[in-house]
Amino acid sequence: MLSISIMRHSVRPRYLRWSVFCHQSLGRSPFLFRSSMSVATTPKIYVAVVGVGLVGAELVEQLLAIPQQTSPFRLISLSSSSRTIFDAENPIQTGSSWKEKLTTSNQRPDFQLLTKQLAALVASGQKVAIVDNTSSDDIAKLYPGWLENGISVVTPNKKAYSGELDLYEKIISASKASGARFLNESTVGAGLPVISTLKELVATGDRVVKIEGVFSGTMSYIFNNFSTGAADGPAFSSVVSVAREKGYTEPHPADDLNGFDVARKLTILTRTITTGSHIPTALPALQTFAFVKTESLIPKPLEGIPSGDEFVSRLPEFDAHFAKLRSEASAEGKVLRFVGVVDVAGGVVKAGLEKYSTSHPFATSLGGSDNIIMFHTERYGARPLIVQGAGAGAAVTAMGVLGDLFKLA
């Protein structure tokens, strides 16, 4: 059973805590039951999955864990970087050795052919969705074509929604023209209800004043351990090194410390607001995520170092700099956090290191690599809405994708 509990706290900020418990029988969850009540009277959704790495493989397992008699989905295609399978007549079933079937397939990925095959199903009156679990720019560029053909697109891939504005606008136009939907909940908070919360706030006419949060699980882990409010503590380089060993960072930690991941998420949130808002906003029309004001934590002498090992070995040279920042924050009764801010009222989108009081939720509520996002809106007033929980990991990311698929049912 997949059990989702949402708790609102009546003191201080309003919290939306997102807790997910995965048990043996996914299909008996109240969430899934609500969606599956009308399964017998609604068309099946034909699903093609592109990318079967950590997230993709987990998604396939979660899809197949739903009892066939209650599932609205027919999993008809899988594509890896080198192999593909497609069979609309004989969908992949629970208990099937799909990995072996894909590995032994002699068919190479052909996305033009896949588009034609899926479009034919749409033309015959079927609901069709394609899930992109890759981080590929090339795959992201296919979204407008899929949507034009009536194929809904679900993805955790940030590229299309944070890249070139022209591509994003083509996605919006194609979706409006065909009625096919694009769903990207897991691009910002994995399984956390960040995008859906924002869309509902905007659609219902609430005025979003500001969004701020710790959007990076890597940065969360690093600064939760590095800056606790005390004047001293572990060296910055040692915290980064441990984070790398535990798999919280990319193999090259600079890919996290440059802040680009946070900038992409802020771009997605900004575009979600400007696309759905009933009234004009002061937010900039970000041409790409590179237009976000982003503070990199990579010391300038270490920029461009190609090896992650060399980067980590030289990072101790700059421990004194980060220790000074921590000491200064402590003297003010504050902690350091790497945050992203979408200041709707001020028209500013930025990511960087900020100081927060030791009593602030960003200091008191975070643990491990959790994400925390605070929505300041006109209706929520002085006590903002907070979404908090695990914002990374294959299981919760796949859950976010699966949740989006259920929105099509």
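The legends below describe several close-up views of one predicted model.

**Basis of all views.** Because this is a predicted model, local features need pLDDT of at least 70 and side-chain atom pairs count only at pLDDT 80 or more, while totals for chains, interfaces and linings use all residues. Residues are numbered from 1 along each chain as its sequence is written, and side-chain values use heavy atoms, with hydrogens and water left out.

**View 1. The protein chain as a whole.** The protein chain holds 18 helices and 14 strands, where helices (H or I, at least four residues) and strands (E, at least two) are DSSP runs numbered from the N terminus. Of its 409 residues, 52% are buried; buried means under 20% relative accessible area, exposed means over 50%, and partly exposed lies in between, with a 1.4 Å probe and protein chains only. Among contacts between residues at least 6 apart in sequence, 69% join residues at least 24 apart, a contact being heavy atoms within 4.5 Å.

**View 2. Asn157 and its surroundings.** Asn157 sits in the loop between β7 (152–154) and α7 (159–162), and because its relative accessible area is 2%, Asn157 counts as buried. A polar atom of the Asn157 side chain lies 3.3 Å from the backbone oxygen of Thr134, and the side chain of Asn157 also reaches the backbone oxygen of Ser136, at 3.2 Å. Both are polar contacts, a term for a pair of N or O atoms within 3.5 Å; within protein, one atom must be able to donate a hydrogen and the other to accept it, and residues adjacent in sequence count only if both atoms are side-chain atoms. When neighbours within four places in sequence are left aside, Asn157 is in contact with Asp132, Thr134, Ser135, Ser136, Ala140, Tyr143 and Thr187.

**View 3. Ser105 in its loop.** Ser105 belongs to the loop between α3 (98–103) and α4 (111–123), and Ser105 is buried because its relative accessibility is 9%. The side chain of Ser105 reaches the backbone nitrogen of Gln107 at 3.1 Å. Apart from neighbours within four places in sequence, Ser105 is in contact with Arg83, Thr84 and Ile85.

**View 4. The backbone at Ala190.** Most residues other than glycine have a negative phi. Ala190, although not a glycine, has a positive phi of about 55°. Ala190 is found in the loop between α9 (186–189) and α10 (195–203), and at 2% relative accessibility Ala190 counts as buried.

View 5. Two packed helices are described by the angle between their axes and the distance between the axes. The axes of α11 (residues 217–226) and α12 come within 10 Å and cross at roughly 140°, which makes α11 oblique to α12. Axes here are lines fitted to C-alpha atoms, for helices over the stretch in contact, and angles run from 0 to 180 degrees between N-to-C directions; angles under 35 degrees count as roughly parallel, over 145 as roughly antiparallel, 65 to 115 as roughly perpendicular and the rest as oblique. On the α11 side, Tyr221, Ile222, Phe223, Asn225 and Phe226 meet Phe236, Val239, Val240, Val242 and Ala243 of α12. These residues divide into 9 nonpolar, 1 polar and no charged, where Ala, Val, Leu, Ile, Met, Phe, Trp, Tyr, Cys and Pro count as nonpolar, Asp, Glu, Lys and Arg as charged, and the others, Gly among them, as polar. Val239 lies in α12 (residues 236–245) and is buried because its relative accessibility is 6%. Not counting residues up to four places away in sequence, Val239 touches Tyr221, Ile222, Asn225, Phe226 and Pro234. The C-alpha atoms of Val239 and Phe223, 16 residues apart along the chain, are separated by 8.5 Å.

View 6. Between the C-alpha atoms of Lys176 and Leu147, which are 29 residues apart along the chain, the separation is 9.0 Å.
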